[in-house]
Amino acid sequence: RTASLGRNGRLVDFIDRSVATENPKPKVRSRKGKRKKRKKQQNPRQSPADHAQLKATSKTKPKLSISIPPRRDFNEEGRRILFGSRADNKLMPRCKSIVHEAQTKMLFSVRYDHETDGPGHKALFYVTLHTTMNDDALGELRSQGISIPSKFVNTGSDRSKVKAERLACIDLIDNLREYGLDLAEEIPDVANRIREREDAKFK
């Protein structure tokens, strides 16, 4: 502590600030504040026994379980759905480009249908590829000894929508392979042959 004279000549005491900062006065928490906080958490119309019983039952309350639908094995046409475990992984990177090129050369149209089963974090995607062949292209293929149906329905399933689309394309390639037409090796240019045949009529 230090002392000095003020303007009016009286003795004024000053507290040494260095000592005050080195030994700060500890804060004492009031118990009244804690009691008020506890009372706010409890319903005022509820007795302590009822409050304790409600708290105990809330802990033992069973959690709601989300039911996951069973996996489908066959599509609408009765063909087996292709999953990643049974797919040809060599075709996975280029299967969509093969189908796109075959669509141009073989004159068929495609349509993708998307379905989802299960909750968002465990969703299973089903992608169905509908393929419709052109009548002129079918006639050209039959003239070469290749007889295929006019429609194909192929489905792929996976946790990823993109991979499910690729699996549907792989299943279409496998389906055409069953009829002796391997698109992974060679895609017959039916459109060019039809064009050449039409040009020959006008010569």
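1. Elements. The chain holds 7 helices and 6 strands. Helices here are DSSP runs of H or I with at least four residues, strands are runs of E with at least two, and both are numbered from the N terminus. From that end the order is β-β-α-α-α-β-α-β-β-α-β-α-α.

2. Basis. This is a predicted model: local features need pLDDT of at least 70, side-chain atom pairs count only at pLDDT 80 or more, and totals for chains, interfaces and linings use all residues. Residues are numbered from 1 along each chain as its sequence is written, and side-chain values use heavy atoms, with hydrogens and water left out.

3. Of the 203 residues in the chain, 28% are buried. Buried means under 20% relative accessible area, exposed over 50%, and partly exposed in between, with a 1.4 Å probe and protein chains only. Contact means heavy atoms within 4.5 Å. Take the contacts between residues at least 6 apart in sequence: 58% of them join residues at least 24 apart.

4. Nonpolar core. The largest nonpolar core has 31 residues, and M106, M133, I148, I170, L176 and L183 touch the most other members. Such a core is a set of buried Ala, Val, Leu, Ile, Met, Phe, Trp, Tyr and Cys residues joined through side-chain atoms within 4.5 Å. Helix 4, helix 5 (135-143), helix 6 and helix 7 each give two or more residues to this core. Helix 6 gives the most, with 7 residues. Beyond its neighbours within four places in sequence, I170 is in contact with L82, A87, D88, L91, M92 and C95.

5. Helix 4. C95, I98, V99 and A102 are buried in this helix. Seen down the axis, the buried residues of helix 4 fall within an arc of 95°, so they line one face. The arc is that of the directions from the helix axis to the C-beta atoms. These buried residues pack against strand 4 and helix 6. On the other side of helix 4, H100 and T104 are exposed.

6. L107 lies in the loop between helix 4 (95-105) and strand 4 (109-117). L107 has a positive phi of about 60°, although it is not a glycine. At 34% relative accessibility, L107 is partly exposed.

7. H130. This residue is in strand 5 (residues 124-132). Its relative accessibility is 12%, so H130 counts as buried. Not counting residues up to four places away in sequence, H130 touches E76, S109, V110, R111, D113, F152 and V153.

8. Aromatic pair. The count is 1 aromatic pair. F152 and Y179 form it edge-to-face, at 6.1 Å centre to centre and 80° between the planes. The rule takes rings of Phe, Tyr and Trp (its six-membered ring) with centres within 6.5 Å; planes under 30 degrees apart count as stacked, over 60 as edge-to-face and the rest as tilted. F152 is buried at 3% relative accessibility, whereas Y179 is partly exposed at 38%.

9. Charges over rings. The charged end of R71 sits over the ring of F83, 3.8 Å from its centre. That of R72 sits over the ring of Y126, 3.9 Å from its centre. The criterion is NZ of Lys or CZ of Arg within 6 Å of the ring centre and within 35 degrees of the ring normal.
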